[in-house]
Amino acid sequence: MTIRPRLALAALLVAGCATAPGTGFATVTGGRVAVPAVLGKARLDEAGRWKTNNGYVLALDEGKLGVELREVALQAPGAAAASGGEIKIDPANPPPGYTFCHNQDCHTADGKVKTFDEVRAELAAGGAAAAAQTVVALQPAAARLNWPPTAAAEWTLAGCEPHCFLAQGLLSQAVLKLGRVVAAGTVAPSVGGEARRWTLDLPIAGAAFPAAIAAEVGLATPREIKLSGTFTLTDKLFDGLPWDRLRERSGPIALEADQAAAEVLATNLAKSTWSATLTTTP
């Protein structure tokens, strides 16, 4: 049996957390997050370097990129927002329809950017639900994934917080939360020019990607539930960086230390995609 994602979310919170082993209606038994290859032939030059959209090419040290997964949170729908109360926007838990929120802006799945005030007004007009509640947070066996962007890889989900038991109720979304992007290498103009060293160690605790799911946990639910998901990192991650200005500095270029570069990286990261499916075993 497969419980597949759907766009509609329930508006009434009916899910809770079991408080002791053996009291759950079902048990989450881990899962996996597939990470497809990021770069196709169109993004690689003849030397296998990552082509950007502004005339530069990047060579990664050992050909690898590092991304940390904090958790995948299975969430129950929130209660309706109180009349007259301010709608809170949690960057770590973007509202339905938004993939990424940071610095008072939220990004939609179709690439639009809206301010927090615009999002609040939009949600209020539609009788928006409050933030969803995390029921179980699935933990990766190893947080850091270092992989060549030209190959596929995966995270294994091996633990749960606070426990792996599910009480009766609804699950509305699975939210993938990242912690950090790490990389290093050299950058050079596509034609001619000196190659320069660069490093990246960017904390991205606000990077959260929700995927709608529709699951009801109850007496008829099979005893074991496993999550399978796919996180596709955008191949535009390094597009639009101000390399002309950054290369004027002496020494290695620390991208996270430049505010404008960090902003571009965060905005680009939001173009990544995430989907999830729950499968059950009797």
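Arginine 249 has a relative accessibility of 40% and counts as partly exposed; the classes are buried (under 20% relative accessible area), exposed (over 50%) and partly exposed (in between), found with a 1.4 Å probe and with protein chains only. The model is predicted: local features need pLDDT of at least 70 and side-chain atom pairs count only at pLDDT 80 or more, while totals for chains, interfaces and linings use all residues. Residues are numbered from 1 along each chain as its sequence is written, and side-chain values use heavy atoms, with hydrogens and water left out.

**The chain as a whole**

- The protein chain contains 3 helices and 18 strands; these are DSSP runs, numbered from the N terminus, with helices (H or I) of at least four residues and strands (E) of at least two.
- The chain has 282 residues, and 46% of them count as buried.
- Its accessible surface comes to about 13,100 Å², and carbon and sulfur atoms account for 53% of that area; accessible areas come from the Shrake-Rupley method with a 1.4 Å probe, and for residues only the protein chains shown count as cover.
- Among contacts (heavy atoms within 4.5 Å) in the protein chain with a separation of 6 or more, 79% join residues 24 or more positions apart.

**Salt bridges**

- The whole structure holds 11 salt bridges, each being a side-chain nitrogen of Lys or Arg within 4 Å of a carboxyl oxygen of Asp or Glu.
- One of them pairs arginine 197 with aspartate 61, at 2.9 Å from N to O. Arginine 197 lies in strand S14 (residues 196-203), whereas aspartate 61 lies in the loop between strand S4 (56-60) and strand S5 (65-76), so the pair ties together parts that are 136 residues apart in sequence.
- Both partners are partly exposed: arginine 197 has a relative accessible area of 36%, and aspartate 61 has one of 33%.
- Arginine 249 forms a salt bridge with aspartate 258, with 2.7 Å between the closest N and O atoms. Aspartate 258 counts as buried, at 5% relative accessibility.
- Lysine 236 and aspartate 235 form a further salt bridge, with their closest N and O atoms 3.9 Å apart. Lysine 236 is partly exposed at 38%, and aspartate 235 is partly exposed at 22%.
- A network of salt bridges links Arg43, Asp235, Lys236 and Asp239.

**Nonpolar cores**

- The largest nonpolar core has 63 residues, and those with the most contacts inside it are Leu178, Trp198, Phe238, Leu255 and Trp274. A nonpolar core is a set of buried Ala, Val, Leu, Ile, Met, Phe, Trp, Tyr and Cys residues joined through side-chain atoms within 4.5 Å.
- Strand S13 (residues 169-189) gives the most to this core, with 7 residues.
- Another core, of 7 residues, lies apart from it and includes Tyr98, Cys101, Cys106 and Phe116.
- Beyond its neighbours within four places in sequence, tryptophan 198 is in contact with residues including Leu58, Leu60, Val187, Phe238, Trp243 and Leu255.

**Helix H3**

- Helix H3 (residues 259-269) has the buried residues Ala261, Ala262, Leu265, Ala266, Asn268 and Leu269. They cover an arc of only 165° around the axis, which puts them on the same side of H3; the arc is that of the directions from the helix axis to the C-beta atoms.
- The cover over the buried residues of H3 includes strand S6 (98-102), S13, S14, strand S15 (208-217) and helix H2 (243-246).
- At the start of H3, a side-chain oxygen of aspartate 258 comes to within 3.3 Å of the backbone nitrogen of alanine 260. Aspartate 258 is also the salt-bridge partner of arginine 249.

Technical notes
A polar contact is a pair of N or O atoms within 3.5 Å; within protein, one must be able to donate a hydrogen and the other to accept it, and residues adjacent in sequence count only if both atoms are side-chain atoms.
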